[in-house]
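Here is a predicted model to work through by question and answer. Keep the sequence and the 3D view open.

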Amino acid sequence: MSGLGVRNLLALSATAIGAFYLGSHTERERLQQSSSHVIRRLPGLPTFGTVSAASLVPAANSANLTATPSRVSQIMKYGFPGLDHVRSHSDYVLSYDRRNRIPHWVFEHLTAESVARNDAVDRSKCDFKPDESIHPFFRSQNTDYRKSGFDRGHMAAAGNHRLHQKHCEETFYLSNMAPQVGQGFNRDAWNSLEMHVRKLTKSYTNVYVCTGPLYLPHKEDNGKMYVKYEVIGSNTVAVPTHFYKVIVGEATDHKLHMEAYVMPNKVISNDTPLNVFQVPPETIERAAGLLFFDQINRKHLTSINGNKV
């Protein structure tokens with residue numbers, strides 16, 4: 001067989017294998033017609049809930065693509081909490097809840113360098129914007145939040161991503177937002193928790209944090225338990241009843257320390273200490289239907305919420 005024939009055969013084989021993974025013949029034709037546009041726009045999706053799967057994220061053309069394989073592997077070092085509509089940006093990874101139009105979870109990897117003041121990064125130049133990688137049916141818009149009485153609350157905090165302007169800008173995608181009570185919560189108690197997480201980079205070489213919403217039940221006058229939450233805007237964006245953060249600090253001696261917090265989405269007194277909101281991490285896992293840091297055996301943690309394991 002000629003060299004040209006071998007190359008043609010290899011090209012056909014590669015196309016067949018790719019087609020097997022991409023889906024139906026109709027969808028393949030659509031992707032082939034606009035492949036360069038799709039690859040530039042869509043974030044990389046891991047195939048399995050492991051760090052090695054993150055290496056499948058394309059690395060070329062990093063100016064237009066999302067996180068490189070090595071960065072995704074760093075962020076997701078200790079496992080994916082779940083695999084529902086996972087997508088990556090240049091400095092964080094999230095799982096998007098298409099029904100509620102907010103994230104299931106958002107994962108970040110922080111260091112002292114990534115949270116340090118950087119005069120080259122200007123938050124005032126960042127604009128809240130719809131995430132066009134989300135299908136229009138499931139996308140939230142700025143108009144959903146307008147006059148709703150709720151802030152567009154960051155899950156991956158802008159202050160956590162100060163290495164590059166692009167990193168900060170990408171935290172302003174609405175796919176990274178959830179409706180939060182403004183005064184007394186997003187701008188106060190929740191902000192205090194975000195600052196606490198950044199402060200942990202002074203104690204730990206690496207800090208990993210997973211953030212997301214909860215919809216917790218409450219008992220009504222008839223004695224029955226209900227899960228009720230408001231929705232806002234024409235896209236019916238869900239307003240969570242609570243928010244969580246699960247954090248792992250990795251010390252220079254490689255010892256691991258975990259903290260877990262749940263805060264109600266309401267006005268919280270400024271004199272309430274953060275440790276009031278600490279909870280066993282498994283209570284968040286049960287409520288959220290997720291498993292956090294599942295590549296870590298909990299028995300190998302040095303401490304949870306400051307208590308020796």
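Q: In which sense do strand 2 and strand 3 pair, and over how many bridges?
A: Strand 2 covers residues 93–97 and strand 3 covers residues 102–110. Val93 stands opposite Phe107 in strand 3. The pairing is antiparallel, over five bridges.

Q: What angle does the direction of helix 10 make with that of strand 12?
A: Helix 10 spans residues 281–288 and packs on the sheet. It touches strand 6, strand 11, strand 12 and strand 13. Its direction and that of strand 12 make an angle of about 55°.

Q: Which strands stand at the edges of the open sheet?
A: The open sheet has eight strands in the order 1-2-3-6-11-12-13-14, and its pairing is mixed. Strand 1 (86–88) and strand 14 (307–308) each have a single partner strand, so one side of each lacks a neighbour in the sheet. The edge strands are strand 1 and strand 14.

Q: Which residue of strand 13 stands opposite His257?
A: Strand 12 also pairs with strand 13 (residues 303–304). These two run parallel and are joined by two bridges. Opposite His257 is Ser303.

Q: How many residues of strand 12 are buried?
A: Strand 12 runs over residues 256–264. Leu256, Met258, Ala260, Val262 and Pro264 point one way, while His257, Glu259, Tyr261 and Met263 point the other way. Both sets are buried.

Q: At about what angle does helix 9 run to strand 11?
A: Helix 9 comprises residues 189–199. It lies across strand 3, strand 6 (206–214), strand 11 and strand 12. To strand 11 it runs at about 10°.

Q: Is Arg198 buried or exposed?
A: Arg198 lies in helix 9. Its relative accessibility is 15%. Buried means under 20%, so Arg198 counts as buried.

Q: Which residues does Arg198 contact, leaving aside its neighbours within four places in sequence?
A: Start with the chain around Arg198. Leu110 is 88 residues away along the chain, yet the C-alpha atoms of Arg198 and Leu110 are separated by 7.6 Å. With those sequence neighbours left aside, the contacts of Arg198 are Val115, Ala157, Gly159, Asn160 and Asn191.

Key
Residues numbered from 1 in each chain as written. Predicted model: local features only at pLDDT ≥ 70, side-chain atom pairs only at ≥ 80, totals over all residues. Heavy atoms only, no water. Buried < 20%, exposed > 50% of the residue type's maximum accessible area, 1.4 Å probe, protein only. Helix = DSSP H or I, 4+ residues; strand = E, 2+ residues; numbered from the N terminus. Pairing = 2+ DSSP bridges. Contact = heavy atoms within 4.5 Å. Axes fitted to C-alpha atoms, helices over the stretch in contact; angles between N-to-C directions.
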